[in-house]
Amino acid sequence: MPEATAYRNLATATVGFALTFWAWNLIAPLAVPLAARTGAGSFAQSLMVAVPVLVGSLGRVPAGALTDRYGARLMFPLVTALTIVPVLLLTVVQDNFAALLVVGFFLGLGGTTFAIGIPLVNSWFPPERRGFALGVFGMGMGGVALSGYVTPRVYEHGDKLPFLLVALALAVYAVAAYLLLADRPERTVPTTPLGRRLAEAGELRVTWELSALYAIGFGGVVAFGVYLPTYLKTWYDVTPTDAGTKAAGFALVTVVFRPVGGWLADRVHPAVVTAWALGIVALFAIVQAFDPPLQPVGTLALLVMAAGLGTTSGSVFALVSQVTPQRQVGSVTGIVGAVGGLGGFLPPIVMGAIYSAKDSYAIGFMLLAMLALAGCVYAYGRMREAGAET
């Protein structure tokens, strides 16, 4: 059984993951009032929301590699502390669009902690418990949903209040993380340069195979999180409040099922779990493509897809720990996490374009079904044997 230190690291890292993801997502829930204050149009508003997300996703690549070299005990509190700076700057740049973009760029730092926590948790848990532990850590992505719910409500009581609150929470956590986190003493510290290590990780076939699977799983979660309220309002004519509530329910299901995916991956090969989860997503995407009534069939289909995508997100990282050399877990995690984060931005654009052209979302859901089915076949047919090559 893992020692107490392992669980302390897991709990500390998960809390930090949630807090930094809350910070990372501070602009998106306030996009409408911030756009009104700056006079930003629709495209500019989308850009304001996208910049921190894109930077946070791409920043996972160097963050993971630096964690391999310097350890999570240094990287986690350091990145958390640095994130405080753009969070506080949000209190003074709310009326300047260009300044908001610059601050949003540096706010992307908060989205990189995923690639710091994965190698830390991976190193402290034995293979038979690693999937569940990584899934629990992955629940920290609920910080995005927490931000979406809490931030606008706190903002109503003061336009600086949510930023001051998050900055304080980050400061407290940075100190706690430095005191509580511990790198595994016998971990292998790479000595090769950062660029060389990233290149070596990029040369591994499994890096890109895992990236593709994670882009479907986590990318699907991100895509639904971004576009589901619009889909529900446009197609089912639900109120904005009801759409937001249903979208929050979808997000909650993905968060809950992430450790379920990891737990199953500890008992069954993670590639098999991934295949089954994506197969279920494909099936219910086809159901939704036929535009069923929202109650009960549409709601059931969307929630089952949420469970499948959450399970996939958990099982893929159990697979990362199984098929990746231990010394390269951080570098590979950074690349996989970056691709997964970026994978969520194309589907909403595609869905919007299809609806504009065809006045229907059916083609979009059929494309999701085809993509999930391809991932299902590949995970089952190829990834069960991938570990033998590393």
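These legends walk you through several close-up views of a predicted model.

View 1. Tyr 70, Leu 74, Leu 78 and Leu 82 together make a nonpolar surface patch of about 360 Å². Helix H5 (residues 72-89) gives the most to this patch, with 3 residues. Tyr 70 sits in helix H4 (residues 60-70), and with a relative accessible area of 44% this tyrosine is partly exposed.

**View 2. Ser 360 in a loop.** Look for Ser 360 in the loop between helix H17 (346-358) and helix H18 (362-381). Its relative accessible area is 17%, so Ser 360 counts as buried, the cut-off being under 20%. A polar atom of the Ser 360 side chain lies 3.1 Å from the backbone nitrogen of Ala 362. Leaving aside residues up to four places away in sequence, Ser 360 touches Trp 235, Asp 291, Ile 354 and Tyr 355.

**View 3. Helix H15 and its buried serine.** Helix H15 (residues 294-323) has 30 residues, which should span 44 Å at 1.5 Å a residue; the end C-alpha atoms are 41 Å apart, in agreement with that. Because 22 of its 30 residues are buried, H15 is largely enclosed by the rest of the structure. Ser 313 belongs to this helix and is buried, with a relative accessible area of 0%. Not counting residues up to four places away in sequence, Ser 313 touches Tyr 214, Gly 217, Phe 218, Val 221 and Arg 258.

**View 4. Glu 209 and two arginines.** Side chains of opposite charge can pair when their charged atoms come close. Here Glu 209 meets Arg 205 in a salt bridge (2.8 Å, N to O). Both residues lie in helix H12 (residues 205-235), 4 residues apart, which is about one turn of the helix. Arg 205 is partly exposed at 49% relative accessibility, while Glu 209 is buried at 6%. Glu 209 also forms a salt bridge with Arg 382 (2.6 Å, N to O). Arg 382 lies in the segment after H18 and Glu 209 in helix H12, so this pair ties together parts that are 173 residues apart in sequence. Both Arg 382 and Glu 209 are buried.

**View 5. A network of charged side chains.** Arg 37, Asp 95, Asp 159 and Lys 160 are linked in a network of salt bridges. Within this group, the closest N and O atoms of Lys 160 and Asp 159 are 3.9 Å apart. Lys 160 is partly exposed at 39% relative accessibility, and Asp 159 is partly exposed at 27%. In the model, the salt bridges come to 6.

Notes
Residues are numbered from 1 along each chain as its sequence is written. This is a predicted model: local features need pLDDT of at least 70, side-chain atom pairs count only at pLDDT 80 or more; totals for chains, interfaces and linings use all residues. Side-chain values use heavy atoms; hydrogens and water are left out. Patches are made of residues with over 30% relative accessible area and no salt bridge: like charges are joined within 9 Å, nonpolar side chains (Val, Leu, Ile, Met, Phe, Trp, Tyr) within 5 Å. Accessible areas come from the Shrake-Rupley method with a 1.4 Å probe; for residues, only the protein chains shown count as cover. A salt bridge is a side-chain nitrogen of Lys or Arg within 4 Å of a carboxyl oxygen of Asp or Glu. Buried means under 20% relative accessible area, exposed over 50%, partly exposed in between (1.4 Å probe, protein chains only). A polar contact is a pair of N or O atoms within 3.5 Å; within protein, one must be able to donate a hydrogen and the other to accept it, and residues adjacent in sequence count only if both atoms are side-chain atoms. Contact means heavy atoms within 4.5 Å. The expected span of a helix is 1.5 Å times one less than its number of residues.
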